[in-house]
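Hello,

Here is the structure I promised to send over. Please open it alongside this note, and follow the residues as you read.

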Amino acid sequence: MKTALVTGANKGIGFETAKYLLEQGYFVYLGCRDASLGAAAVATLQGLKTLEGLGSNCELLELDVTSQSSVDAAAAALSAKGITLDVLINNAGILGAFPAPEGAAGTENAQQVFDTNYFGPIRVTTAMLPLLQKSVQPRIVNVSSEIGSLQLHQDPSWAFYQLKDKAYGPSKTALNFYTIMLAFQLADTPFKVNSVCPGYTATAMNNFSGTGKAADAARTIAGYAMLDDAGPSGKFFNAAGEIRW
């Protein structure tokens with residue numbers, strides 16, 4: 001049985017991704033900042049009839065991606081179990097104030113967003129890398145957004161051309177470059193590392209204004225977590241295919 005860790009997994013896309021991986025036969029750790037919400041998510045999965053016989057293959061991992069001590073403790077807990085981590089999905093993310101405020105408040109907002117959306121995946125990936133290196137087919141998916149595409153932001157015909165902000169979009173641009181760097185660093189290994197945009201999905205982050213379903217987004221994300229050895233690495237995808245950086 002392969003093992004996966006999904007950060008920000010107590011609700012929305014993260015929860016649905018954990019559920020989908022369970023359905024595919026993975027043991028899934030739900031990385032959650034709030035232990036009580038995480039425990040409730042695990043209980044929900046364990047009680048689903050669609051996961052009968054599989055619901056026990058999930059466990060809460062208390063994990064705050066903005067805290068180095070929390071990330072280190074989570075990695076140590078997994079290491080103590082002697083597990084091999086096959087999949088890491090860096091899903092935890094925040095929108096921040098949108099539109100961003102001006103002045104010092106805007107700077108503080110951007111710092112908070114980057115701490116979760118960019119530095120968070122770096123902290124988690126660095127800490128979990130020794131466990132991933134034990135896998136025969138290690139996979140890392142950084143959940144990004146096409147809002148982070150510099151090329152799309154130069155195209156006036158793009159549906160989200162007007163959505164230019166100081167925090168969320170730039171944080172995903174930075175995350176995309178981290179994907180490129182990490183894929184390059186791991187190019188001569190079995191790793192596959194990709195950025196995946198789940199699309200404009202109805203979640204709490206956007207007050208459920210998105211047009212897509214979290215379950216559909218989860219299948220897109222999980223697809224790149226289950227790539228075979230011929231799969232791509234160092235690329236940017238959504239449900240329709242490759243996205244311009």
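Below is what turned up, topic by topic.

**Before you start**

This is a predicted model, in which local features need pLDDT of at least 70 and side-chain atom pairs count only at pLDDT 80 or more, while totals for chains, interfaces and linings use all residues. Residues are numbered from 1 along each chain as its sequence is written, and side-chain values use heavy atoms, with hydrogens and water left out.

**The cores**

The largest nonpolar core has 31 residues. By nonpolar core I mean a set of buried Ala, Val, Leu, Ile, Met, Phe, Trp, Tyr and Cys residues joined through side-chain atoms within 4.5 Å. Buried stands for under 20% relative accessible area, exposed for over 50%, and partly exposed for what lies in between, with a 1.4 Å probe and protein chains only. Leu21, Val28, Leu30, Leu45, Ile89, Val141 and Ile221 have the most contacts inside this core. The elements that give it two or more residues are strand 1 (3-7), helix 1 (12-23), strand 2 (27-32), helix 2 (35-47), strand 4 (87-90), strand 5 (139-143) and helix 7. Helices (H or I, at least four residues) and strands (E, at least two) are DSSP runs, numbered from the N terminus.

A second, separate core has 28 residues, including Leu78, Leu85, Ala127 and Ala183.

Leaving out residues up to four places away in sequence, Val141 touches Leu88, Ile89, Asn90, Asn194, Val196, Ile221, Tyr224 and Ala225. Contact here means heavy atoms within 4.5 Å.

**Aromatic rings**

Across the whole structure, the search finds 7 aromatic pairs. The ring centres of Tyr224 and Phe237 are 4.5 Å apart and their planes are at 15 degrees, so this pair is stacked. For the cut-offs, rings of Phe, Tyr and Trp (its six-membered ring) pair if their centres lie within 6.5 Å, and planes under 30 degrees apart count as stacked, over 60 as edge-to-face and the rest as tilted. The pair links distant parts of the chain, 13 residues apart, with Tyr224 in helix 7 (residues 214-225) and Phe237 in strand 7 (residues 236-238). Tyr224 is buried, at a relative accessible area of 16%, and Phe237 is buried too, at 7%.

Elsewhere, Phe114, Tyr118 and Phe119 are linked into a cluster by ring pairs. There is also a charge over a ring: the charged end of Lys164 sits 3.7 Å from the centre of the Tyr161 ring. That label requires NZ of Lys or CZ of Arg within 6 Å of the ring centre and within 35 degrees of the ring normal.

**The largest pocket**

The largest pocket holds about 1,200 Å³ of space. It is an open set of points on a 1 Å grid over the protein atoms alone, where a 1.4 Å probe fits, with protein on both sides within 12 Å along at least five of seven lines; lining residues have an atom within 4 Å of a point. The volume is the space filled by probe spheres set on the points, which are joined across faces, edges and corners. Of the 43 lining residues, Gly93, Ile94, Leu95, Thr203 and Met205 lie nearest the centre of the pocket. Helix 1, strand 2 and helix 6 (168-185) are the elements that give two or more residues to the lining, and the largest share, 3 residues, comes from helix 1.

**Loops to look at**

- Gly8 is in the loop between strand 1 and helix 1 and counts as partly exposed at 25% relative accessibility. Beyond its neighbours within four places in sequence, Gly8 is in contact with Gly14, Phe15, Gly31, Asn91 and Ala92.
- Thr50 sits in the loop between helix 2 and strand 3 (58-62) and counts as exposed at 56%. With residues up to four places away left out, Thr50 touches Lys19 and Glu23.
- Asp155 lies in the loop between strand 5 and helix 6 and is partly exposed, at 22%.
- The peptide bond from Phe98 to Pro99 is cis, with omega near 5 degrees. Pro99 is in the loop between strand 4 and helix 4 (103-117).
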